[in-house]
Protein chains: 2
Amino acid sequence: MRGSALGLFGCIEAGGTKFVYGVGTGPDDLIVDSCATTSPEATTDRVVGFFRNLRVPVKAIGIGSFGPVDLDPASPTYGYITSTPKLEWRRFDLAGTVARALGAPVAIDTDVNAAALGEARWGAARGLSDFLYVTVGTGIGGGAVTHGQVVHGLVHPEMGHIRIPHDRSGDPYPGGCPYHGDCLEGLACGPAIEARWGTPPRDLPAGHAAWKLEARYLALGLNTWVCTLSPKRILLGGGVMRQRQLFPMIRAELGRLLSGYVQARALLEEMDSYVVPPELGDRAGVLGALALAMK
Amino acid sequence: MRGSALGLFGCIEAGGTKFVYGVGTGPDDLIVDSCATTSPEATTDRVVGFFRNLRVPVKAIGIGSFGPVDLDPASPTYGYITSTPKLEWRRFDLAGTVARALGAPVAIDTDVNAAALGEARWGAARGLSDFLYVTVGTGIGGGAVTHGQVVHGLVHPEMGHIRIPHDRSGDPYPGGCPYHGDCLEGLACGPAIEARWGTPPRDLPAGHAAWKLEARYLALGLNTWVCTLSPKRILLGGGVMRQRQLFPMIRAELGRLLSGYVQARALLEEMDSYVVPPELGDRAGVLGALALAMK
């Protein structure tokens, strides 16, 4: 096994409803298991048990976690979950608990940042020093890579919470974000679609008016990120983006919004390869955590 | 002279109305001259003449230029001005013309990116690996530094052209951007203020309603950039920001927009040192070009 020679790496996708964890060295040899997210202690016990049952120790473990997560290496609460609405998990030392239990170095980042790293290593962003990975599902999040590294800055980006134009005469839904009402996430995440139309997104037909509005809102977000980050490609993943009819609609609307102002062939002529789905699918999170461990 | 031992560096701030150029090694020994921006040939002849008249050759020259500029080192038109409305300058090889005339290496970037580098080296962003420099004047532009380097990505950011909420019942002005109408720049640059109120910004009293609206729009921009880039500090410069009453208004509005969602002391308690004026003042552009030469 290739892993034995190189050493195995561990990975944990820490999600709000389930944890997925595994060992390997890449998409071809990754072995995974999963469990439901319960209390911090019971969940991490289960994860730690999985790694202890391995025949070989892991060289390092990567964690892509729901958040917010304290990512400041100089902070006394580095690696802790911080102000999550999940009260039991608030101020839980996720990285430290795993590191101490397994005696292995742990690298932690947000779930979306980890997924971006996975796509950079094995997926749709191979070879790109500057790109953006966006997930549209229960929430909206973005992981930006600039100069080949994930952007953290002060804390980490919270891209779903940008404000965009909202025409209340055309769309009276007030937005569902408990903090900001009609920020992008409040208007365009999966639960917002369901709240607006009374039907879960997966049950809305491809020709439903919901998708035109959704494409408009997501294109407004993409327009903002193109103007702010100038990414070389944008990957759009998450449950809502399984509606593949959204891609051509978003590309067309983004082109209209940019109006030819940014002179770049990628935006003017090659939009089909500029706004694309990720390639790692359901394994983006756990493979992203693996990329983090191997970095 | 310190410059003689280290070697002198040259710098050019290439503006749409004037060029400022100089030699030195920092704010304390910089010697500058300037000329009006006329044709590309006449203007660069004048600049080249300044450097030729020096007693010592310069080790390198930095150019902070109006744009858009082709910043892709792999492009055959690297260092050219591209789609500017100034027709004479369109497709002019600014970096190459200067480099060939003076036989010195030239580094070029946008004016706002150069200013960001200057503030990082000698101004209000000293020691910060991740920050944002925004200028609000004839236009609105932003230079983002992440991981200690200016963000270029696909082309370079065009931050003024993000879309923000625009309540037409409260502000019927349709926006003045020829490409996007009511993008941030279209609503909040100096000419937009003048077009909306019929008075140049510098003649509007500090208590005028214009400033409340301006602070609202700029805070919406800052909110977007905090969510997207997570900068450790935001510097707000340019002619409009000489209205110092804007700073406390923008900070308060940004705090309201974020609503405590991003848990960081800088945003929750230390907003006075988070949104600040630049320190290099009118010399930000030319010192930025100098920082570029010395990099």
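This report walks through selected features of a predicted model with chains A and B.

## The sheet of chain A

Start with the open sheet in chain A. It has 5 strands, in the order 3-2-1-4-5, and the pairing is mixed. Strand 3 (31-36) and strand 5 (106-110) of chain A stand at the edges. Each has a single partner strand, so one side of each is left without a neighbour in the sheet. From one strand to the next, the twist averages 15°.

Two helices pack on this sheet. Helix 3 of chain A touches strand 1, strand 2, strand 4 and strand 5 of chain A. The direction of helix 3 makes about 160° with that of strand 4 of chain A. Helix 4 (residues 111-122) of chain A touches strand 4 and strand 5 of chain A. The direction of helix 4 makes about 105° with that of strand 5 of chain A.

Now take strand 1 (residues 8-14) of chain A. Of its 7 residues, 6 are buried, so strand 1 is largely enclosed by the rest of the structure.

Strand 1 of chain A pairs with strand 4 (residues 58-65) of chain A. That pairing is parallel and runs over 6 bridges. Here A14(A) stands opposite S65(A) of strand 4.

Strand 1 of chain A also pairs with strand 2 (residues 18-24) of chain A. These two run antiparallel, joined by 6 bridges. A hairpin of 3 residues links strand 1 to strand 2 in chain A. Within this pairing, C11(A) stands opposite G22(A) of strand 2. G10(A) has V23(A) of strand 2 as its bridge partner.

## A loop with a buried threonine

The loop between strand 4 and helix 3 (94-102) of chain A holds T84(A). T84(A) has a relative accessible area of 1%, so it counts as buried. Leaving aside neighbours within four places in sequence, T84(A) is in contact with F66(A), G67(A), P68(A), W89(A) and R90(A). T84(A) and F66(A) are 18 residues apart in sequence. In space they are 8.5 Å apart, C-alpha to C-alpha.

P68(A), one of those contacts of T84(A), lies in the loop between strand 4 and helix 3 of chain A. The peptide bond from G67(A) to P68(A) is cis. In chain B, P68(B) is placed in the loop between strand 4 (58-65) and helix 3 (94-102) of chain B. A cis peptide bond joins G67(B) and P68(B).

## Backbone angles

| Site | Angle | Value |
|---|---|---|
| G67(A) to P68(A) | omega | near 0° |
| G67(B) to P68(B) | omega | about 0° |
| H147(A) | phi | about 50° |
| S259(A) | phi | near 55° |

H147(A) is not a glycine, yet its phi is positive. H147(A) is found in the loop between strand 7 (140-146) and strand 8 (149-150) of chain A. S259(A) also has a positive phi in a residue other than glycine. S259(A) lies in the loop between helix 8 (246-258) and helix 9 (265-268) of chain A. With 31% relative accessibility, S259(A) counts as partly exposed.

## Two crossing helices in chain B

Two packed helices are described by the angle between their axes and the distance between the axes. In chain B, helix 4 (residues 111-122) and helix 10 (residues 284-294) pack at an angle of about 80°. Their axes are 7 Å apart. Helix 4 and helix 10 of chain B are therefore roughly perpendicular to each other.

Which residues of helix 4 of chain B meet helix 10 of chain B? On the helix 4 side they are A114(B), A115(B), L117(B), G118(B), E119(B), R121(B) and W122(B). On the helix 10 side, the residues include A284(B), L287(B), G288(B) and M294(B). The residues of this contact divide into 11 nonpolar, 2 polar and 2 charged.

## Where the chains meet

Last comes the contact of the two chains. How many residues of chain B are in contact with chain A? There are 43 in chain B, in contact with 43 residues of chain A. Chain B and chain A bury about 3,700 Å² between them. Carbon and sulfur atoms carry 63% of that area. In chain B, L154(B), R163(B) and Y261(B) lose the most area to chain A. Together they make up 20% of what that side buries.

Note on methods
Residues are numbered from 1 along each chain as its sequence is written. Chains are lettered from A and ligands numbered from 1 in the order in which they are written. This is a predicted model: local features need pLDDT of at least 70, side-chain atom pairs count only at pLDDT 80 or more; totals for chains, interfaces and linings use all residues. Side-chain values use heavy atoms; hydrogens and water are left out. Axes are lines fitted to C-alpha atoms, for helices over the stretch in contact, and angles run from 0 to 180 degrees between N-to-C directions. Helices (H or I, at least four residues) and strands (E, at least two) are DSSP runs, numbered from the N terminus. Angles under 35 degrees count as roughly parallel, over 145 as roughly antiparallel, 65 to 115 as roughly perpendicular and the rest as oblique. Contact means heavy atoms within 4.5 Å. Ala, Val, Leu, Ile, Met, Phe, Trp, Tyr, Cys and Pro count as nonpolar, Asp, Glu, Lys and Arg as charged, and the others, Gly among them, as polar. Buried means under 20% relative accessible area, exposed over 50%, partly exposed in between (1.4 Å probe, protein chains only). Two strands pair if DSSP finds at least two bridges between them. Buried area is the accessible area (1.4 Å probe) that two parts lose on being put together, summed over both.
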